[in-house]
Amino acid sequence: MLVVGVVGFQSSNAFTQETHARRTQVTFGARRHLDTLADRMRREANTVCWEMYHNYQHEPGYRQTYREMYDVLEDSHHIHDLVHDDAHRGTDNEEHIVEDLHNLDRLFHHIEDDIRKWNSRNRFHNHDLDHKMERLETTLHHLMEDYGVRSKRKAPKPTGPSKPPVPRP
């Protein structure tokens with residue numbers, strides 16, 4: 001019965017996210033959802049920090065990577081404060097926010113590379129960090145789109161064969 005409740009919660013959460021995504025059409029540079037997205041990014045960065053702190057301290061490079069993730073959290077607070085104070089409405093801080101978003105995007109993807117092979121010390125807790133990082137990445141990129149900022153990060157090169165494998169008879 002507990003499993004049914006958990007499964008029901010997860011599908012409800014997925015449904016909510018999908019419904020929200022359909023209602024929230026992203027128009028590049030529209031700046032319609034800045035405060036909401038900046039607040040969500042701040043909360044999600046905090047969640048990632050807690051996840052790392054509670055379940056990944058045993059991983060090599062944890063201290064440095066956690067420090068970098070904490071920088072993401074502080075930068076998220078800073079961006080939220082600027083956006084919340086209407087700094088995006090034609091003030092001198094506009095370029096400041098663009099630069100901050102680029103730096104945040106770069107740092108986020110650096111952290112993502114650092115934690116790629118991490119495993120939780122709690123064997124029943126696998127992939128929560130990956131899931132939380134994916135949510136943070138989605139929010140960060142949505143915020144960048146809404147603000148009118150394109151990532152400077154090059155798209156990753158595809159891995160694997162360039163042609164589909166030929167089936168064996």
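Q: Which helix is Asp146 found in?
A: Asp146 lies in helix α5. Keep in mind that this is a predicted model.

Q: Is Asp146 buried or exposed?
A: Asp146 is buried, because its relative accessible area is 1% and the cut-off for buried is under 20%.

Q: What does the side chain of Asp146 reach?
A: The side chain of Asp146 reaches the backbone nitrogen of Arg32, at 3.1 Å.

Q: And how many residues along the chain separate Asp146 and Gly29?
A: Asp146 and Gly29 are 117 residues apart along the chain, yet their C-alpha atoms are separated by 4.8 Å.

Q: Back to α5. At what angle do α4 and α5 pack?
A: Helix α4, residues 93-115, and helix α5, residues 128-147, pack at about 160°. Their axes are 11 Å apart.

Q: Are they roughly parallel or roughly antiparallel?
A: Roughly antiparallel, because the angle of about 160° is over the 145 degrees used as the cut-off.

Q: Which residues make the contact?
A: From α4, they include Ile97, Leu101, Phe108 and Ile111. From α5, they include Met133, Leu136, Leu140 and Tyr147.

Q: How do the residues of that contact divide into nonpolar, polar and charged?
A: The contact of α4 with α5 has 14 nonpolar, three polar and four charged residues.

Q: Different topic. How many helices and strands are in the chain?
A: The chain has five helices and zero strands.

Q: How much of the chain counts as buried?
A: 34% of its 169 residues.

Definitions and conventions:
Residues are numbered from 1 along each chain as its sequence is written. This is a predicted model: local features need pLDDT of at least 70, side-chain atom pairs count only at pLDDT 80 or more; totals for chains, interfaces and linings use all residues. Side-chain values use heavy atoms; hydrogens and water are left out. Axes are lines fitted to C-alpha atoms, for helices over the stretch in contact, and angles run from 0 to 180 degrees between N-to-C directions. Helices (H or I, at least four residues) and strands (E, at least two) are DSSP runs, numbered from the N terminus. Angles under 35 degrees count as roughly parallel, over 145 as roughly antiparallel, 65 to 115 as roughly perpendicular and the rest as oblique. Contact means heavy atoms within 4.5 Å. Ala, Val, Leu, Ile, Met, Phe, Trp, Tyr, Cys and Pro count as nonpolar, Asp, Glu, Lys and Arg as charged, and the others, Gly among them, as polar. Buried means under 20% relative accessible area, exposed over 50%, partly exposed in between (1.4 Å probe, protein chains only). A polar contact is a pair of N or O atoms within 3.5 Å; within protein, one must be able to donate a hydrogen and the other to accept it, and residues adjacent in sequence count only if both atoms are side-chain atoms.
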